[in-house]
Amino acid sequence: MSIELVVFDMAGTTVYDGDAVHTCLAAAVADVGVPTTREQINALMGMPKPLVIATLLSSHRSTRPSDEEIAAVYGDFEQRMLAYYRDSVLVRETDRAGDVFRALRGRGIKIALDTGFSRPIADAILERLGWTGGLVDVTVTSDEVAHGRPQPDMIWRAMELTGVREPSRVAKVGDTPADLLEGSAAGCALIVGVTSGSHTDAELALHPHTHLIDSLVELPAIIEDVDRVREREPGDVSVPLLFTPGPLTTSRGVKAAMQRDLGSRDEEFIHTIERVHDRLLTLAGVSRADGYAAILMQGSGTFAVEAMLGTFVPPGGRVLVVENGAYGKRMLDIARALGISWATVSSSPTEPACPETIARVLEGDPGTTHVALVHCETTSGVINPMSTIARVAHDAGCAVLVDAMSSFGAMPIDVHADGVDVLVASANKCLEGVPGVAFAIARESILRAAPPARSVSLDFAAQWRGFERDGQFRFTPPTHVVLALEQALIELEREGGIGGRAARYRANHERLVSGMRALGFRTIVNPAHQSAVITSFLYPDDPAFSFEDFYTRLRLRNFVIYPGKLMDVPCFRIGTIGRIYPEDVDALLAAVRATIASPLSAS
Ligand SMILES: Cc1ncc(COP(=O)(O)O)c(C=O)c1O
Ligand SMILES: [Mg+2]
């Protein structure tokens, strides 16, 4: 069973009340001399009513009303509503809501109602409709939580009250944009807009949703469909699992988010880009107000690295590339291809780069304008001391460009405090999205000052100006990939943000390393500098060992591992990122044990 709880909005979704909210709200604010239009009230539907009243009053008078006045108008509104729900002949359930509740309960699904109304009004409705006798499991009203819609608090409270822990088991159904945003903020697996209430299909379509329906009776079939694509349980190895640095195993929710076709100019897509932008900045510890921007770029991670170097190192500039692995070398390849003047500090991939050496090189090469480094060198899994290198670079007057491809989302990064001027990463690593989009986080002042890039498409400054102009990608956007990224970011937040995700990766990594050591495998990187993202293991001493054979046998058991990337050391790599759990690592270890128990040569 996938969906365990459905949270329904009341007015407009499960309760038909003629026009109670409009009528009573308009009358209550008219009493204090504030005229309203239907559109004005409609735009605020679903939100906590004191907030709605405050907004209506302040937009008319352009000063904020006092708390006392809001309370008085609210009291008047509540009295009108209570009388309306007691007396009006118009009040009834919508769309056979009671039948839908019964059908879902018959399948073991819990029913919650949440509402922007206060408890007294909600109780009056429940009383009037006879929904007090156990047809509904729990009800939550906006005055019982810290934040009403569009914040997720009411859904979280309903989850708490019903003992449902995972938002991937929750559906939210409502008739207003605030309902849809609430469902999205809570990370609900299903966010269903219903057009029986205050908003049309077209209006709801602008907000996050998985389904739009005309009637609640369509809901049981939708839930049945979702049950067929439920999330994989930890340790279920019936599908291939990618123990690689990306693309990687993604959640069903992320894959399901792509099942929608949106146009590039679609307002819903533009809003999605905006929300993704803000979430990426939050993960980087900064905001728009701090003067930072997140700029999405079509393509894989390398496209973003190339765009970063090509955009931000000006003609006449010179970049010092800190290289201790394949991705540092790739930056050098890019600098050469773009004709950027470069120098490098090279060191072993099994050790972190050395800030003192970098300081010395910068001192002897005063023409250097930029220092570029890889935060987590995926080649070996070693973590470089990013903030220390950034300090050394700034001391030498250089700007700092960081490839945080395999660390962003799983290691705390504060681009401001860590002294990073531009950071790039991609959707398909620790964020657990799918490949096809990368991004930069950069200060707006740097974007504004950037000269024309060395490429038309790989130009972060031009891309940023495009987003600023009309919210759109300049060239065909990877729409499905961005939808998946938004879902992935919601799931990251629900996992407890970077801290929660890092803890799972750490648990995966520790389980892997201790299990592999017990099987006789040796690691390469000093554990003090080893990330939990990917781990390199030396080939066993057995001369008959063939990586191709080892790989194929594991693949036949649905485990995909990765070849080594250290030129002179025979090794292979196992990633512990993506939607995989310690139970999956146990299953992989069992497969490795079985694989090495039989002769390993390809014969
Ligand atoms: C640190 C680092 N930089 C750059 C890249 C290149 O990304 P892509 O393969 O998506 O082009 C990777 C990919 O694994 C990486 O780990
Ligand atoms: Mg409603």
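A: Happy to walk you through that sheet, its neighbours and then some other parts for context. This is a predicted model, in which local features need pLDDT of at least 70, side-chain atom pairs count only at pLDDT 80 or more, and totals for chains, interfaces and linings use all residues. Residues are numbered from 1 along each chain as its sequence is written, while chains are lettered from A and ligands numbered from 1 in the order in which they are written.

Let's begin with the sheet. It is open, with mixed pairing, and its 7 strands follow the order β10-β18-β17-β16-β13-β11-β12. Strands here are DSSP runs of E with at least two residues, helices are runs of H or I with at least four, and both are numbered from the N terminus. Two strands pair if DSSP finds at least two bridges between them. At the edges stand β10 (292–298) and β12 (341–346); each has a single partner strand, so one side of each is left without a neighbour in the sheet. From one strand to the next, the twist averages 20°.

The partner of β10 is β18 (residues 437–443), and the two pair in the antiparallel sense over 7 bridges. Within that pairing, A293 stands opposite A442 in β18. Helix α18 (residues 460–470) packs on the sheet and touches both β10 and β18, its direction making about 105° with that of β10. Such angles run from 0 to 180 degrees between N-to-C directions, and axes are lines fitted to C-alpha atoms, for helices over the stretch in contact. Contact means that the C-beta atoms of two residues, placed from the backbone, lie within 7 Å.

Next comes ligand 1. Of the 13 residues around ligand 1, S300, G301, T302, T378 and M405 come nearest; a residue counts as near if its C-beta atom, placed from the backbone, lies within 6 Å. Helix α13 gives the most to this shell, with 3 residues. By class, the shell has 5 nonpolar, 7 polar and 1 charged residues. In this scheme Ala, Val, Leu, Ile, Met, Phe, Trp, Tyr, Cys and Pro are nonpolar, Asp, Glu, Lys and Arg are charged, and the others, Gly among them, are polar.

Helix α13 (residues 301–312) also packs against helix α14 (residues 326–338), at an angle of about 50° and with the axes 10 Å apart. The two are therefore oblique to each other; angles under 35 degrees count as roughly parallel, over 145 as roughly antiparallel, 65 to 115 as roughly perpendicular and the rest as oblique. Their crossing is right-handed, meaning that the near helix is turned clockwise from the far one by less than a right angle. On the α13 side T302, V305, E306, L309 and G310 take part, meeting R330, M331, I334, A335 and L338 in α14. That contact has 6 nonpolar, 2 polar and 2 charged residues.

Strand β7 (residues 190–194) is joined to β8 by 3 bridges, and V192 has H211 as its bridge partner in β8.
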